[in-house]
Structures are given as C-alpha cells and as structure tokens.
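Please look at the sequence and the structure first, then read the notes.

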Amino acid sequence: MSRDTELLSAIQTYFDALYACDLELFDRVFHPACSLFDADEGAIVVDPIAAYREVIAKRISPSSRSQPRQDEIILIDWLSDASATIKVRLRIHENIFIDHLCFVKGTDGWRIVAKIWHLERRMA
C-alpha cells in the first residue's frame, strides 16, 4: 500500500469516526497524546484528546440522524514520508468546520497528533 493510500485511509477513518461518533475508530486515528487547539473566541483554547473523546462519546451522531455526509479533503501538505498536514472541511449537524490535522506515521500507522479547528459557519 502506498503512503498516499495509507494516509487517505486514515483521513477517511477520521471522517467516519466523527460522523458515527465511533470511539473505536476515534482511538484508531488519534494519537493518545494528541491535543486540540481553537482560537475562535479570541483566546487560545487547548484541549487534551481525553476531553475531546468525552465530547464524542456523548454527542448524538450525525449518522443516527441520517445527516447527509459533507466531508472533503481540501489540502494535503507532505512534510516527509512520515508526516503530513491535512486541511479538511466537514459537517457535524448544523456546523461546518475547517480542521487542520497533523498526521504522523508510526508503528501503529497514521495518527493525528494535533488538531486545529475553526467553526466556519452554521447552516440555516
């Protein structure tokens, strides 16, 4: 399997994990030391992956509401054969997010080590 195919598969796992709120997929794609960053309110907010995992565990999944899938890869920036930054857009309920995902390939495959997200807009 090529590096492109492996990374695309990991990105799809990310999309699937958030669409279904599937913690098994979530744990497969996020590194246990991952942190999430947000600055939409003016201050930088940093959340550890465990806190985000709790949010996902409690969230009503878009799949359970039969929400149409809206996820897309905007950009893949290869830093090396084992690291890349990915820009994606996805819908979670009425929210459209832009995420920058820092992926690193280790012995467990491609995993997200950092996520910066932005609420792009709310759907009417």
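**Salt bridges and cysteines**

Lysine 105 forms a salt bridge with glutamate 6, and their closest N and O atoms are 2.6 Å apart. A salt bridge here is a side-chain nitrogen of Lys or Arg within 4 Å of a carboxyl oxygen of Asp or Glu. This is a predicted model, in which local features need pLDDT of at least 70, side-chain atom pairs count only at pLDDT 80 or more, and totals for chains, interfaces and linings use all residues. Residues are numbered from 1 along each chain as its sequence is written, and side-chain values use heavy atoms, with hydrogens and water left out.

**Confidence**

- The protein chain has a mean pLDDT of 95, with 98% of its residues at 70 or more; pLDDT is the predictor's confidence in each residue, from 0 to 100.
- Helices (H or I, at least four residues) and strands (E, at least two) are DSSP runs, numbered from the N terminus.

**Salt bridges**

- The whole structure holds ten salt bridges.
- One of them joins lysine 105 to glutamate 6, and this pair links distant parts of the chain: lysine 105 lies in strand β5 (residues 95-106) and glutamate 6 in helix α1 (residues 3-20), 99 residues apart.
- Lysine 105 is partly exposed at 34% relative accessible area, and glutamate 6 is partly exposed at 22%.
- Buried means under 20% relative accessible area, exposed over 50%, and partly exposed in between (1.4 Å probe, protein chains only).
- Aspartate 71 and arginine 69 form a salt bridge through their side chains, at 2.9 Å from N to O.
- Aspartate 71 has a relative accessible area of 27%, and arginine 69 has 35%.
- Arginine 89 and glutamate 72 also meet in a salt bridge, at 2.9 Å from N to O; arginine 89 is in strand β4 (residues 83-92) and glutamate 72 in strand β3 (residues 71-80), 17 residues apart.
- Salt bridges that share partners connect Asp16, Arg69 and Asp71 in one network.

**Cysteines**

- The count of disulfides is zero, where a disulfide is a pair of cysteine sulfur atoms within 2.5 Å.
- Cysteine 34 is in no disulfide either, and its nearest cysteine sulfur, that of cysteine 102, is 8.6 Å away.
- Cysteine 21 is buried at 12% relative accessible area, and cysteine 34 is buried at 2%.
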